[in-house]
Amino acid sequence: MSDFLPKEVREGLELARKRNLKRGSRLRVRVGEETYPILRSWSNGFALDRENTEHLRGLVDVFDGSRHLYQALIVAAKDDGHEMSFEFKRSTAATDKPPLDYDRPDDAPVALLPR
């Protein structure tokens, strides 16, 4: 059906689709000081608007609004024309406390008081 539409109409429809995807998603990718809205996401990757994102690779931070979800190592996977897909080489969930170096028993005291 899109073969019958004029080029200007197809471009307008694509811009409207991207605008709706950007508005509907709170997910963002941050690389240094730059932030890019995520258009689509799945278990092992995400898609961004192709403009100014072809160069992305390496370590990025993924946010849901202001909440830090995870840190990920990404590679460019596929160019879909208007979108650029990225896949995770690894992703680590962000936590608000440092990891423990040992397993803590359930009945362990929180602190010991001196005599």
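# Strand pairing, aromatic rings and salt bridges

F88 counts as buried, because its relative accessibility is 15%, below the 20% at which the buried class ends. The model under discussion is predicted, and the values that follow are computed from it.

F88 forms an edge-to-face aromatic pair with Y70, with 5.6 Å from centre to centre and 90° between the planes. Y70 belongs to strand β5 and F88 to strand β6, so this contact ties together parts of the chain that are 18 residues apart in sequence. Y70 itself is partly exposed, with a relative accessible area of 22%.

Across the whole structure, the search finds 3 aromatic pairs. In one of them, the ring centres of F46 and F88 are 5.7 Å apart and the ring planes meet at 50°, so the pair is classed as tilted. F46 sits in strand β3 and F88 in strand β6, so the pair joins parts that are 42 residues apart in sequence. F46 is buried, at a relative accessible area of 1%. Which residues make up the cluster formed by ring pairs? The cluster consists of F46, Y70, F86 and F88.

Strand β5 covers residues 67–79 and runs antiparallel to β6, to which 9 bridges connect it. Within this pairing, Q71 of the chain faces T92 in β6. The two strands form a hairpin with 3 residues between them, where G81 adopts a positive phi near 90°. Strand β6, residues 83–93, also pairs with strand β3, residues 45–49; this arrangement is antiparallel and has 5 bridges. Here L48 is placed opposite M84 in β6.

Charged side chains supply a further set of contacts. How many salt bridges does a search of the whole structure find? The search finds 4. One of them joins R26 and D64, with a distance of 3.1 Å from N to O. This pair connects distant parts of the chain, since R26 lies in the loop between α1 (7–24) and β1 (27–31), D64 lies in strand β4 (residues 58–64), and the two are 38 residues apart. R26 is exposed, with 54% relative accessibility.

Another salt bridge is formed by R50 and D79, whose closest N and O atoms are 2.9 Å apart. It likewise links distant parts of the chain: R50 is in the loop between β3 and β4, D79 is in strand β5, and 29 residues separate them. Both partners are partly exposed, R50 with a relative accessible area of 30% and D79 with 42%.

D64 has a salt bridge to R67 as well, at 3.5 Å from N to O. Through shared partners, R26, D64 and R67 are joined into one network.

| Residue | Relative accessible area | Class |
|---|---|---|
| F46 | 1% | buried |
| F88 | 15% | buried |
| Y70 | 22% | partly exposed |
| R50 | 30% | partly exposed |
| D79 | 42% | partly exposed |
| R26 | 54% | exposed |

How values were computed: Residues are numbered from 1 along each chain as its sequence is written. This is a predicted model: local features need pLDDT of at least 70, side-chain atom pairs count only at pLDDT 80 or more; totals for chains, interfaces and linings use all residues. Side-chain values use heavy atoms; hydrogens and water are left out. Two strands pair if DSSP finds at least two bridges between them. Helices (H or I, at least four residues) and strands (E, at least two) are DSSP runs, numbered from the N terminus. Buried means under 20% relative accessible area, exposed over 50%, partly exposed in between (1.4 Å probe, protein chains only). Rings of Phe, Tyr and Trp (its six-membered ring) pair if their centres lie within 6.5 Å; planes under 30 degrees apart count as stacked, over 60 as edge-to-face and the rest as tilted.
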